[in-house]
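Me: Hi! Can you walk me through the structure below, ring contacts to start with?

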Amino acid sequence: MADRKKCKAAAVATTDGGGEDRISALPDEVLQRALSFLPSRDVVRTCVLSRRWRHQWKSVPALRIYAFDDCRDVQHLSDFVTNFLLRRNRLALDECDIICFDEGDGCEVFRENARQWIRYAVSCQVRVLRVSVEAHTRLFGAPLKAQRLKRLELFSVELGAFSLDFSSCRELEELELGGCIIKDKVKQILSESLRRLRIEGCDFFRNRTRISCPNLISLKITDFTLYTPVLMSMPSLASAFIRFGEHCADSCDCYYYGEFGPDYTGCHHSTVKGNGTVLLNGLSDVIQLELISGAGVFIFRRDFRCCPTFNKLKTLLLNEWCMAADSSALIYFLQHSPVLEKLTLQLRKSPRTMVKRGSTNKNQNEKFLVSKHLKLVEIKYCEDEMVQQVLHVLSACGIPSEKIIIQRISSWASGGAQDLRRL
């Protein structure tokens with residue numbers, strides 16, 4: 001009874017006092033825009049509302065295909081989409097979603113059809129394309145040629161050969177890869193037009209995939225596994241967030257405990273070929289940078305040997321990896337960031353494992369000018385004793401105590417602050 005009353009109230013709300021349907025009186029473009037937010041299957045169902053709605057679904061500027069955990073539903077959906085595309089007016093698409101949550105037999109049917117649906121969307125000059133298919137399906141066997149594509153999101157997709165060559169997508173500005181497998185034949189992620197790149201939880205099988213996107217302004221790479229990708233020059237980069245996952249192959253405990261010198265280039269876990277940097281040269285023009293890593297990752301110390309300078313860097317966030325062994329990473333950034341304004345240190349580990357006892361860095365005894373623009377050093381920590389090593393390094397670098405704020409975090413997961421004080 002309550003549902004019936006709600007439906008009646010909704011019907012009344014769409015009519016005037018004389019019972020006229022005000023929604024149906026809207027222009028076609030407005031109706032089709034409203035319908036574009038619905039799954040395509042639901043869009044077609046609106047054709048039974050009235051004569052005014054009978055053909056609206058044919059011109060909706062979006063294709064949204066969602067399959068759930070039901071093999072029969074996936075098969076029925078595939079048949080529906082085939083008929084839908086045959087009868088739809090072949091107009092330009094603003095958006096296309098192809099999403100499958102079925103990992104069973106139905107997913108195989110969906111995958112086979114998904115390739116055809118992607119080609120259809122590209123032929124309709126799609127602007128935004130989202131694809132998520134379980135079981136890491138390979139959908140792209142050749143470079144994507146979508147001239148009007150502006151945003152591309154790929155999830156749980158296997159990418160091989162030239163599938164990440166976007167040189168033919170001249171309007172592509174945003175790319176997001178989530179949980180994808182990037183096979184060893186992918187030599188590079190290439191795009192001249194790309195402005196924002198986000199890579200989360202992907203597997204990089206090649207040693208090493210190059211990211212060649214010179215016009216990027218925003219970069220986020222987090223929790224990847226296996227090999228760290230190589231960053232090429234990005235002179236327009238405004239912000240970057242890099243977080244190493246626990247399954248990164250570029251890690252060795254020898255770095256963590258400082259058992260090898262600065263010329264050590266790795267162990268049996270991984271190899272790095274060539275004399276150039278992996279990450280830091282590509283990040284040398286960034287304005288805002290966050291680097292989160294385990295102390296055992298050796299990529300940074302290897303990159304430091306090439307002496308990259310961060311001439312535009314104003315805001316920097318590091319976690320405890322910068323204090324590993326001899327604090328050389330923290331000192332390096334302070335030495336080579338001439339316009340740095342704010343430094344944030346997030347420290348979670350105990351100094352008993354974070355810094356090798358008795359170890360000293362010869363750079364701590366060398367006098368150098370810290371950025372005259374430095375206004376604030378913010379230290380967030382869990383244990384009181386963690387702060388002492390950091391303060392010692394900052395003092396040795398000539399940073400006055402009045403520029404340092406320390407903050408104890410009672411629960412790092414929730415970010416709850418227990419104590420905040422300025423030295």
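Me: Which residues form the aromatic cluster?
Reply: Phe204, Phe224, Phe244, Phe300 and Trp321 form one aromatic cluster. Rings of Phe, Tyr and Trp (its six-membered ring) pair here if their centres lie within 6.5 Å; planes under 30 degrees apart are stacked, over 60 edge-to-face, and the rest tilted. This is a predicted model, where local features need pLDDT of at least 70, side-chain atom pairs count only at pLDDT 80 or more, and totals for chains, interfaces and linings use all residues. Residues are numbered from 1 along each chain as its sequence is written, and side-chain values use heavy atoms, leaving out hydrogens and water.

Me: OK, how many aromatic pairs are there?
Reply: The count comes to 10 aromatic pairs by that rule. One of them joins Phe244 and Phe300 edge-to-face, with 5.4 Å centre to centre and 70 degrees between the planes. That pair links distant parts of the chain, with Phe244 in strand 13 (residues 239–248) and Phe300 in helix 7 (residues 299–304), 56 residues apart. Helices (H or I, at least four residues) and strands (E, at least two) are DSSP runs, numbered from the N terminus.

Me: And are Phe244 and Phe300 buried or exposed?
Reply: Both Phe244 and Phe300 are buried, meaning under 20% relative accessible area; exposed is over 50% and partly exposed in between (1.4 Å probe, protein chains only).

Me: Why does the Phe304 and Tyr332 pair count as stacked?
Reply: Because the ring centres of Phe304 and Tyr332 are 4.3 Å apart and their planes are at 25 degrees. Phe304 is in helix 7 and Tyr332 in helix 8 (residues 328–335), 28 residues apart. Phe304 and Tyr332 are both buried.

Me: Switching topic: which residues touch the most other members of the largest nonpolar core?
Reply: Phe110, Leu177, Leu219, Leu283, Leu291 and Leu330, out of 114 residues in that core. The largest share, 7 residues, comes from helix 5 (residues 105–123). A nonpolar core is a set of buried Ala, Val, Leu, Ile, Met, Phe, Trp, Tyr and Cys residues joined through side-chain atoms within 4.5 Å.

Me: What is Leu291 in contact with?
Reply: Setting aside neighbours within four places in sequence, the contacts of Leu291 include Ile242, Leu283, Phe300, Trp321 and Phe333. Contact means heavy atoms within 4.5 Å.

Me: Last one: how many helices and strands does the protein chain have?
Reply: The protein chain has 10 helices and 19 strands. Buried residues make up 49% of its 423 residues.
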